[in-house]
Structure formats: structure tokens, C-alpha cells
Amino acid sequence: MEIEFSTHEDYYLLKENFPTPIKLNIPEWYKKLEHGTRNTRAPNHKNMIYWKTVKGCMPFLETLTSGYLLRLPVDYFIQHGTIKDDDGTPVVKVMTSLESEGESMYQAAKGLNINALATHHPLQLEGSPFFKKNGGLAFSKITNPWHIKTPPGYSCLFLNPLNNEEQDRFSIIPGIVHTDQYQVEVNFPIVVNHEKYGNCEFLIPKGTPYAQVIPFKRDDWKMKIKSRSTKKSKQKIWQLSFLNRYKNLIFNRGKSSWT
């Protein structure tokens, strides 16, 4: 299958921050992690000397290698509640480095509307966890320069990079888009971590990873609920209880290739 990322020709010629398979962005902490570690809390306990780490967990690894990565096309400077309007109400203001990016980026931006910095009114998400986390303020929005096209019957899940967040000041609001039919770029409202940082000002540098794109096939599903015998349950647990059993029996047979 093929997923297509296309953009305004002037931006394409810049050759900057193209989407990439997310497997090329494995975090350094994961690369350095050993497959096992000693339990220093109980060094003399015979049964608890050695622990397997998440390095051997294939489901965790798949979160780091499935889909594609989007990066910011320009710097975003966000003033979240640090300025006020005429009646003293805290407001949100977003600025970009567009003016300092040079003529080629400026021309590209004219076709991409990067300079059309939109926000969402906080009441559009009133009562949600996002509203509280964002401090009841307006939601800033990232303009994505890439139109994404998938084959008929395929959609894309957009979410924060899974298990790979190197910053916690902001996160996108996840969503699913029928990218086989949607004809324009998907833009991303973000939630600022107001609960931790309060009213704040911060820079999100150009090139910062901000969204993971996972294409999938839409299908009709019917739910079935049933019981399973204790004998079968124990048998399955035994089969997968040894190191690398899941990797060899299940993961290597069913994994997807993202290029």
C-alpha cells in the first residue's frame, strides 16, 4: 500500500522537514536501554536479581515504529495567558518565525496559509479534560503543510508520538480522518499543559516532532463475547511466557513495514 504526502511546490523545493517513517525517530533513551537490569532494591533476593526491561516488549516497540512522523515547518512562539485583552481577560497569541525564514519560505507559506494562525474558542471543548488541562483558554493550532492521501477505504489516525514525547508543554488533540476522501491539509489544535506550567510563554522550534500518522483500513466490526476454559488460558500463558516467544511466534509474522 502507498501513502502520499504532497505540499505546495515552493515548500517542497525547500527540502525541509519532510515526513518520515517514525521508525527513524527512535528515542535515544530506548536505544541505550539494556534488555535486562538488576533489581538494586533487593540485591540478595535470588528470584529478583534480574528484570527484563521494556526493550524486549514488542508491543512497545511497535508504538515507536508504526506510521509516519510530522515535524513543525517553522518556529512557533506561544503566549498562553501571559497577555490580556482590553477588559483584562488572559488570551492566547501565536507567532511564527515566518518573517525571518526568507523569501522562499514566505512564498511557500502564501500557498500553505501558515501565516493564517487560527485558534479554537475554549467553549468548543468545554467540559472535556482538554479544557481543564488548557487552563480554560483558547486552543492554539498548528498549520500542517502536507496533504495526506491514502488508498480507497483507508483512513489515518493522528496522535502524539507514542511513548516518544520528549516535551510535555503541549500535545495535539488526536483524531481520525478519512484521508482517502479529504482533499485538504489536516491541521492540529494543541493543548498546552497549563495544569503544570500555568500561564506561560514558550518556543516550539522548527523541526520539532509533533504528530504520528498511522494509516489503517476501515472495516465493519461485530463484537463477540465468550468464555474460555482455564486449561486453554494456562496453555496460552505458558506458550508466551518465555523470552522472545511473542516476538518469534506473533510479532515477526504480523508486523507491518513502514517505508
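Analyst: Helices (H or I, at least four residues) and strands (E, at least two) are DSSP runs, numbered from the N terminus. This is a predicted model, in which local features need pLDDT of at least 70 and side-chain atom pairs count only at pLDDT 80 or more, while totals for chains, interfaces and linings use all residues. Residues are numbered from 1 along each chain as its sequence is written, and side-chain values use heavy atoms, with hydrogens and water left out.

User: OK, how many salt bridges are there by your rule?

Analyst: The rule asks for a side-chain nitrogen of Lys or Arg within 4 Å of a carboxyl oxygen of Asp or Glu, and the count comes to four salt bridges. One of them joins the side chains of glutamate 28 and lysine 31, at 3.4 Å from N to O.

User: Why are glutamate 28 and lysine 31 about one helical turn apart?

Analyst: Because they are three residues apart in helix H2, which covers residues 28-32, about one helical turn separates them. Glutamate 28 is partly exposed, with a relative accessible area of 46%, and lysine 31 is also partly exposed, at 49%; here buried means under 20% relative accessible area, exposed over 50%, and partly exposed in between, with a 1.4 Å probe and protein chains only.

User: Which pair links the loop between H1 and E2 to the loop between E15 and E16?

Analyst: The side chains of glutamate 16 and lysine 206 form a salt bridge of 2.8 Å, N to O. This pair links distant parts of the chain, with glutamate 16 in the H1-E2 loop and lysine 206 in the E15-E16 loop, 190 residues apart. Glutamate 16 is partly exposed, with a relative accessible area of 26%, and lysine 206 likewise counts as partly exposed at 26%.

User: And arginine 218, what does its side chain meet in a salt bridge?

Analyst: Its partner is aspartate 180, again at 2.8 Å from N to O. Arginine 218 sits in the loop between E16 and helix H7 (230-239), and aspartate 180 in the loop between strand E13 (175-177) and E14, so the pair links distant parts of the chain, 38 residues apart. Arginine 218 is partly exposed, with a relative accessible area of 25%, whereas aspartate 180 is buried, at 17%.

User: Switching topic: how many residues has the largest nonpolar core?

Analyst: A nonpolar core is a set of buried Ala, Val, Leu, Ile, Met, Phe, Trp, Tyr and Cys residues joined through side-chain atoms within 4.5 Å. The largest one has 31 residues, and those with the most contacts inside it are Phe158, Ile204, Tyr210 and Val213. Elements giving two or more residues to this core include strand E7 (90-96), strand E11 (154-159) and strand E16 (209-217), and E16 supplies the largest share, four residues.

User: What does valine 213 touch?

Analyst: Counting a contact as heavy atoms within 4.5 Å, and leaving out residues up to four places away in sequence, valine 213 touches several residues, among them Ile3, Tyr68, Leu70, Ile148 and Phe158. There is also a second, separate core of six residues, which includes Met58, Phe60, Leu61 and Leu64.
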